[in-house]
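Biologist: I have a new structure to look through. Can you walk me around it?
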Amino acid sequence: MSGLSLGSFVASSLSTAEVEAAERLYGGLADDVRRLVDVVIRTEVDAGRVEEARALVRRAEELLAEEAKAGPAGIHFNHEGRSWNWGNAVVGVRNAVAPPLRLARGEDGVVRTDAELGAAYEGPPGCVHGGVSALMLDHLMGETASAGHTRMTVTGTLTLRYATPLPLGPVWLRAWIEEEAGRKITVLAQIGPGDPEAGAAPAIEAQGLFIVPRWAQGDAAPPGVGSLD
């Protein structure tokens with residue numbers, strides 16, 4: 001795992017309450033930008049309206065850049081065991097590219113989530129891009145392998161079977177641990193269209209092998225980090 005080590009994670013003095021307040025503030029901004037991205041794809045306004053909108057967007061960029069850190073957001077953790085990865089492409093609360101997914105672990109050990117995937121995630125006409133599905137499944141499976149953020153995991157291999165196209169709109173995802181052997185965890189996952197309670201067959205099925213890095217074993221690992229995907 002070249003480039004990754006325990007030093008890759010940043011200890012923060014922020015309390016969990018402060019982290020959650022920041023997520024509400026900047027997460028709302030990311031939601032606004034996410035809606036903007038969607039409407040930019042679909043709009044048909046005239047050139048004058050486009051120039052007006054571009055000026056507003058540039059002004060917003062200038063305002064936000066007045067106090068913006070350089071480089072990636074990284075993964076942070078605090079003394080309360082809370083971790084956050086605001087720039088993550090799948091679950092990043094402050095990343096307008098992310099859906100973002102919010103994962104829930106059931107008593108049955110299955111990790112579930114759902115999302116609304118609109119025009120920004122299109123691949124084939126009217127369907128979710130296959131790479132977007134793979135991205136979401138990879139992260140979901142890594143989080144599942146982490147067993148509730150009790151261990152740190154990275155992807156070893158990922159195999160996907162695309163059974164049918166996945167329509168844009170509401171989608172559900174679920175994943176569960178199939179097998180464990182030492183530092184290796186095998187995870188299975190699915191993604192499908194519509195309401196998960198409606199019984200629709202999965203459009204894509206995945207199997208992944210996830211590894212606990214040697215450097216992440218033991219008490220020295222940051223608390224609550226989980227998947228590094």
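Biologist: Where does Gly123 sit?
Modeller: This is a predicted model. In it, Gly123 is in the loop between β5 and α3.

Biologist: Is Gly123 buried or partly exposed?
Modeller: Gly123 is partly exposed, with a relative accessible area of 35%.

Biologist: How far apart are Gly123 and Leu14 in space?
Modeller: Their C-alpha atoms are 39 Å apart. Along the sequence, Gly123 and Leu14 are 109 residues apart.

Biologist: Let's move to α3. How many residues does α3 have?
Modeller: Helix α3 has 16 residues. From its first C-alpha to its last it reaches 22 Å, close to the 22 Å expected at 1.5 Å a residue.

Biologist: How many of the residues of α3 are buried?
Modeller: The number is 13 of the 16, so α3 is largely enclosed by the rest of the structure.

Biologist: What comes just after α3?
Modeller: Ala147 does, with a positive phi of about 55 degrees. Ala147 is in the loop between α3 and β6. At 27% relative accessibility, Ala147 counts as partly exposed.

Biologist: What about His149, which phi does it have?
Modeller: His149 has a positive phi of about 60 degrees, although it is not a glycine. His149 lies in the loop between α3 and β6. Its relative accessible area is 32%, so His149 is partly exposed.

Biologist: Now salt bridges. How many are there?
Modeller: The count comes to 9 salt bridges. Side chains of opposite charge can pair when their charged atoms come close.

Biologist: Which residue does Arg151 meet in a salt bridge?
Modeller: Arg151 meets Glu180, at 2.9 Å, N to O. Arg151 lies in the loop between α3 and β6, and Glu180 in strand β7, so the pair ties together parts that are 29 residues apart in sequence.

Biologist: How exposed are those two?
Modeller: Arg151 is partly exposed, at 21% relative accessible area. Glu180 is also partly exposed, at 46%.

Biologist: Which residue pairs with Glu51?
Modeller: Arg54 does, in a salt bridge of 3.8 Å, N to O. Glu51 and Arg54 are 3 residues apart in helix α2, so they are separated by about one helical turn. Glu51 is partly exposed, at 43% relative accessible area. Arg54 is partly exposed too, at 48%.

Biologist: And Asp108, which side chain does it meet?
Modeller: The side chain of Arg112, in a salt bridge of 2.9 Å, N to O. Arg112 is partly exposed, with a relative accessible area of 38%.

Biologist: Back to α2. Where does α2 run?
Modeller: Helix α2 covers residues 47-65, which makes 19 residues. It reaches 27 Å from its first C-alpha to its last, close to the 27 Å expected at 1.5 Å a residue.

Biologist: What happens at the start of α2?
Modeller: A side-chain oxygen of Asp46 reaches to within 3.2 Å of the backbone nitrogen of Gly48.

Biologist: Switching to pockets. What is the volume of the largest pocket?
Modeller: The largest pocket has a volume of about 970 Å³.

Biologist: How many residues line the largest pocket?
Modeller: It is lined by 22 residues. Tyr26, Glu67, Ala68, Lys69 and Arg94 lie nearest its centre.

Biologist: Which element gives the largest share of that lining?
Modeller: Helix α1 does, with 4 residues. Both α1 and α2 supply at least two residues each.

Biologist: What is the lining like by class?
Modeller: The lining has 13 nonpolar, 5 polar and 4 charged residues.

Biologist: Next, Ala70. Is Ala70 buried or exposed?
Modeller: Ala70 counts as exposed, at 76% relative accessibility. Ala70 is found in the loop between α2 and β2. Its C-alpha is separated by 19 Å from that of Gly27, which is 43 residues apart from Ala70 along the chain.

Biologist: And Thr113, buried or exposed?
Modeller: Thr113 is buried, with a relative accessible area of 7%. Thr113 lies in strand β5. A polar atom of its side chain lies 2.9 Å from the backbone oxygen of Arg102.

Biologist: One last thing. Is the peptide bond from Pro99 to Pro100 cis or trans?
Modeller: That bond is cis, with omega near -15 degrees. Pro100 is in the loop between β3 and β4.

Terms used:
Residues numbered from 1 in each chain as written. Predicted model: local features only at pLDDT ≥ 70, side-chain atom pairs only at ≥ 80, totals over all residues. Heavy atoms only, no water. Expected span 1.5 Å × (residues − 1). Polar contact = N/O pair within 3.5 Å; in protein donor to acceptor, adjacent residues only side chain to side chain. 1 Å grid on protein atoms, 1.4 Å probe; cavity = no way out; pocket = protein on both sides within 12 Å on 5 of 7 lines; lining within 4 Å. Points joined across faces, edges and corners; volume = space filled by probe spheres on them. Nonpolar A, V, L, I, M, F, W, Y, C, P; charged D, E, K, R; others polar. Salt bridge = Lys/Arg side-chain N within 4 Å of Asp/Glu carboxyl O. Buried < 20%, exposed > 50% of the residue type's maximum accessible area, 1.4 Å probe, protein only.
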